[in-house]
Amino acid sequence: MRGAFPFLLGAALVLAGCMPGTTPGALAGKDHAPRADVDVRLSAVDADGKGRQAQWQGETLALREPPIAGSADIADVRYVLDDAKQPGLQIRYRPEAHQRIHDDTAALVGQRAAISVDGRVLMVATVQGPFGESMMLSGLPSVAEAQELAKHITGD
């Protein structure tokens, strides 16, 4: 990935936050699961500093282990345009992970969670409500950058 890409991506995603995505039926076609060598995680940020240390916009975060969701929980990743026609990344989870992710994010409402790819935190947002089937990362700077991130994750 380009040198400035991770920083720009993180800066853009923090503005958008983490919110439930479109329904899984809205994304018909072949699934694009993460490659085996790519680590995608949704992790709770521990306010007491307990967990795996990570950097995000000059802040040291503690990401709880195990993560709420990981690459093995993801059925599909692709770039999409959000409701405001802005580029984003849609992550759809496997059915067997839905209830666990819903329960874990319901317990985090009002707290922060982080999305990371290969150990690099891309976004930190306050959980506004539970989700389990899918999530949308909105506010990516361009369709090209959303496509590049999706391709890095899936290889497609």
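Begin by selecting Val40, Arg41, Leu42, Ala69, Gly70, Ile74, Ile91, Tyr93 and Ile115, which line the largest cavity; a cavity is a set of points, on a 1 Å grid over the protein atoms alone, where a 1.4 Å probe fits but cannot get out, and lining residues have an atom within 4 Å of a point. This is a predicted model, in which local features need pLDDT of at least 70 and side-chain atom pairs count only at pLDDT 80 or more, while totals for chains, interfaces and linings use all residues. Residues are numbered from 1 along each chain as its sequence is written, and side-chain values use heavy atoms, with hydrogens and water left out.

The structure holds one cavity of 30 Å³ or more, and the largest cavity has a volume of about 40 Å³, a volume being the space filled by probe spheres set on grid points that are joined across faces, edges and corners. Now colour the strands (DSSP runs of E, at least two residues, numbered from the N terminus): β2, β5 (69-70) and β7 (87-93) each supply at least two residues of this lining, and β2 gives the largest share, three residues.

Next, select Leu42, Leu89, Tyr93, Met135 and Ile153, which touch the most other members of the largest nonpolar core, a set of 29 residues. Such a core consists of buried Ala, Val, Leu, Ile, Met, Phe, Trp, Tyr and Cys residues joined through side-chain atoms within 4.5 Å, where buried means under 20% relative accessible area with a 1.4 Å probe, protein chains only. Among the elements that give two or more residues to this core are β2, β7 and α3 (143-154); α3, a helix (a DSSP run of H or I, at least four residues), gives the most, with four residues. A second, separate core of eight residues includes Leu61, Ala114, Val121 and Val124.

Move on to Pro34, in the loop between β1 (18-20) and β2 (40-44). Pro34 is counted as buried because its relative accessible area is 16%. Leaving aside neighbours within four places in sequence, show Ser71, Ile74, Val77, Ile153 and Thr154, with which Pro34 is in contact, that is, with heavy atoms within 4.5 Å. Then select Lys151, which lies 117 residues from Pro34 in sequence and 9.2 Å from it in space, C-alpha to C-alpha.

Finally, show the whole chain, which has three helices and ten strands, and in which 47% of the 156 residues count as buried.

Notes: Buried means under 20% relative accessible area, exposed over 50%, partly exposed in between (1.4 Å probe, protein chains only). On a 1 Å grid over the protein atoms alone, a cavity is a set of points where a 1.4 Å probe fits but cannot get out, and a pocket is an open set with protein on both sides within 12 Å along at least five of seven lines; lining residues have an atom within 4 Å of a point.
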